[in-house]
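Subject: Handover of a protein structure

Dear colleague,

Please find the structure below, followed by an account of what was found in it.

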Amino acid sequence: MLTEKYKDNILGTYSYFDRAIISGSIIPISYCESLNVFLSTNNILLKQFESYANTLSTFLKDYAKIMAETENAHYQYLDSPQISKESIVHDIIENRGDHPGLVAVLTVLEVDNSYSIIKNELENKLELVPKLRKCLHIYYYFIDENLGLCHFRVQTYFPFKVQIYFNGREQLARKFDDAHIVYKKDDNCFTDISDLQKAQQLDDDFHVSTLHSIFD
């Protein structure tokens, strides 16, 4: 155990979330059988699927630009998923400040689980099948007054999956500031906390319902 090995150098311990990713899906369109029912219910033929999907994709892409313009936030298309989005966002925050609100909208092509239409030669009909495909993803970076810097990642093609990211250590730092707990932070680690017992009490007071209310 690390705590035993380095006990003479450890001031104390606490436990809380580190970096957290929450994934969400719209169940009726999250797998082939259900999506087929959804399309049938809405009178959308498989031969119309690509056109229908592209219409929804265009709406999401246009909305992202409108949102960035409305909120006076930076908008940028990235040529590669290897480009550090966090570096771009932190540079923007240095200039705009860390007040709550939308910071940036970044878009990039990434491979994700999706669907495709193929022709079943044996049965001579079109079929909807799962397929990895490259499509645009939108990253909404924003600063929440409680959670700090977060982002929403939105897939702009079926099944339109969403991921929500927040950093628990940033949230803790804000809690410590409010509670007048003095601390030292190195990157994403706390190297010193003036009142560990009070800090852990703040950590234990966390409720998932708080996340629900924020992300709703």
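Which residue takes a positive phi in the hairpin of strand 5 and strand 6? It is Phe 160, with a phi near 55 degrees, and this hairpin has six residues between the strands.

Before the details, some notes on the source. This is a predicted model, in which local features need pLDDT of at least 70 and side-chain atom pairs count only at pLDDT 80 or more, while totals for chains, interfaces and linings use all residues. Residues are numbered from 1 along each chain as its sequence is written, and side-chain values use heavy atoms, with hydrogens and water left out.

The whole protein

The protein has seven helices and eight strands (DSSP runs numbered from the N terminus: helices are H or I with at least four residues, strands are E with at least two). Its radius of gyration, taken over C-alpha atoms, is 22 Å, well over the 17 Å given by the globule rule for 216 residues, so the protein is more spread out than a compact globule. That rule is 2.2 Å times the number of residues to the power 0.38. Along the principal axes, the C-alpha atoms fill a box of roughly 75 × 40 × 30 Å. Of the 216 residues, 37% are buried (under 20% relative accessible area, with exposed meaning over 50% and partly exposed in between, for a 1.4 Å probe and protein chains only).

Strand 5 and its partners

Strand 5 covers residues 148-155, and seven of its eight residues are buried. Strand 4 (residues 125-144) runs antiparallel to strand 5 and is joined to it by eight bridges; two strands pair if DSSP finds at least two bridges between them. These two strands form a hairpin with three residues between them, and His 137 stands opposite Gln 155 in strand 5. Strand 5 also pairs with strand 6 (residues 162-167), in the antiparallel sense and over five bridges. Here His 151 has Tyr 165 in strand 6 as its bridge partner.

A residue in strand 3

Thr 107 lies in strand 3 (residues 101-120). Is Thr 107 buried or exposed? Thr 107 counts as buried because its relative accessibility is 1%. Leaving aside residues up to four places away in sequence, Thr 107 touches Tyr 75, Gln 76, Tyr 77, Leu 78, Leu 136, His 137 and Ile 138, where contact means heavy atoms within 4.5 Å. One of these, His 137, is the residue that stands opposite Gln 155.
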